[in-house]
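Thank you all for coming. I would like to walk through one structure with you this morning, going from a single residue out to its surroundings and then to a few other places in the chain.

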Amino acid sequence: MIQVAVLGYGTVGSGVVEVIEHNNAEVSKNAGEEVHVKYILDLRDFPGDPYEDKVVHDFNLIIKDQEVSVICEVMGGVGAAYQFTKQALEAGKSVCTSNKELVAKHGVELLAIAAEKNCNYMFEASVGGGIPIIRSIQNALTPEKIEAVTGILNGTTNYILSKMEREGADYGEVLKQAQALGYAERNPEADVEGHDACRKIAILASLITGKYVDAEKIYTEGITGITREDFEFARAAGMTIKLLAQARLEEDGSVLAMVAPHMLSKEHSLAMVNDVFNGIFVTGNMLGDAMFYGHGAGKLPTASAVVADVIDCIRNQGRTMQSPWEETGIRLADVAQTRKKFYVRIKASERGRIDEVFPGSSIIEAIDHKEAVGFFTPEMCEQELDEKCALLKESILSTIRVL
């Protein structure tokens, strides 16, 4: 029998216990051994909860118990979660987590400890919720040289943008709706400023390169500057707006990693990913494009991904499945030098200067807007765009990258 401990009894933690106990026949069959939850670590008590007898408040009970071989860390944060995870791995206990912040910040160290102690540090649930993107990259796509990963990795921002597009609503109005429904936190900064998506793309970039990509060095831009007017022009051009996270191998050996809103054709598969769903495009040098779609968050989808890692750890006891990430050697491409087309919205009074400042641009003629003009630039580098926008100063109302 395999005994499991769950650290944190919040939304995901309670989901992990539910999946293991309610689907115990399936979990045990697939693991090859009977699996049960022995401990639930939390600061709180849960009187009346069906698993209240499993709740403990002292991590030392877990770390010293030789029967516990797999620990699910679903506490969040990088304080106690980091200390407990490190202690568990050093004791030879495998750890499965949904904590993208911890993986993005300390993954290189924790993977190295797991390799040294012949156990595993697994984090399928840290990216894409219930979408098996990490397992696919590490197993199904192993013959491939992964050249790029592009995705919608945050359900909150995708919900907000989808509602803005459908209802012609302002950002602030939709944010309040998202908060009322529980899709956005009271302090939504991690989501709307792109930090959550940044941590996730840092993890994916580290996976496809085998080298640690520091999330704090990735160019990150959120959705707070997107307006309903931008969606009006996008609609007129047969396009939509999504917050995309990207990691792409460049010809010079560097990696382009960024998070930013992009305008993309309505025909693009990612344009069809709406509301709280996530979609991830993986490009392999032999396979071409493969797309993964599903619930990017939520109690049971995320918990299911954590338990899938638990099963893998049990199947591979005494053997490390993941290679450690190299701590140095990665070089991030300069976003300012990357080339692409841009959507630009300027005051209508400056329409006559478009050809002068942005020669070769195409104006979005399908919309009659009295106060503004929208157009697409020819391909140029981001630094060049900034220089041209500086010539029009306060007349620039919005700029968005085009995929």
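Let me begin with a question: in which strand is the place of Lys-340? Before I answer, please keep in mind that what you see is a predicted model. Lys-340 sits in strand S13, which covers residues 339-347. Its relative accessible area is 11%, and because buried here means under 20%, Lys-340 counts as buried. The side chain of this lysine makes a polar contact with the side chain of Glu-382, at 3.1 Å. If we leave aside residues up to four places away in sequence, Lys-340 touches Pro-378, Glu-379, Met-380, Glu-382, Arg-401 and Val-402.

Now for the strands around it. S13 is joined to S17 by six bridges, and the two run antiparallel; within that pairing, Arg-345 stands opposite Ser-398 of S17. S17, which spans residues 396-402, is also joined to S10, in this case by two bridges and in the parallel sense. There, His-262 has Arg-401 as its bridge partner in S17, and Arg-401 is also one of the residues that Lys-340 touches.

How many of the 11 residues of strand S9 are buried? The count is nine, so that S9, residues 239-249, is mostly covered. S9 is also joined to S7, residues 146-152, by four bridges, and these strands run antiparallel, with Thr-150 having Gln-246 as its bridge partner in S9.

Let me turn to the helices. Helix H7, residues 155-167, packs against helix H11, residues 228-236, at an angle of about 70 degrees, and their axes are 9 Å apart. With 65 to 115 degrees as the range for that description, H7 and H11 are therefore roughly perpendicular to each other. The contact is made by Leu-161, Met-164 and Glu-165 on the H7 side, and by Arg-228, Phe-231 and Arg-235 on the H11 side. The crossing of these two helices is right-handed.

In helix H4, residues 80-90, the buried residues include Ala-81, Tyr-82, Phe-84, Thr-85, Ala-88 and Leu-89. As a reminder, an α-helix has 3.6 residues a turn, so residues three or four places apart point the same way. Just after H4 comes Gly-92, with a positive phi of about 85 degrees.

Finally, I would like to show you two backbone positions. Most residues other than glycine have a negative phi. Asn-118, although it is not a glycine, has a positive phi of about 55 degrees; it is found in the loop between helix H5 and strand S6, and Asn-118 is partly exposed, with a relative accessible area of 46%. Lys-393 is not a glycine either, and its phi is positive, at about 45 degrees. Is Lys-393 buried or exposed? Its relative accessible area is 61%, and because that is over 50%, Lys-393 counts as exposed. You will find Lys-393 in the loop between helix H14 and strand S17.

How values were computed:
Residues are numbered from 1 along each chain as its sequence is written. This is a predicted model: local features need pLDDT of at least 70, side-chain atom pairs count only at pLDDT 80 or more; totals for chains, interfaces and linings use all residues. Side-chain values use heavy atoms; hydrogens and water are left out. Buried means under 20% relative accessible area, exposed over 50%, partly exposed in between (1.4 Å probe, protein chains only). A polar contact is a pair of N or O atoms within 3.5 Å; within protein, one must be able to donate a hydrogen and the other to accept it, and residues adjacent in sequence count only if both atoms are side-chain atoms. Contact means heavy atoms within 4.5 Å. Two strands pair if DSSP finds at least two bridges between them. Axes are lines fitted to C-alpha atoms, for helices over the stretch in contact, and angles run from 0 to 180 degrees between N-to-C directions. Angles under 35 degrees count as roughly parallel, over 145 as roughly antiparallel, 65 to 115 as roughly perpendicular and the rest as oblique. A crossing is left-handed if the near helix is turned anticlockwise from the far one by less than a right angle, and right-handed if clockwise.
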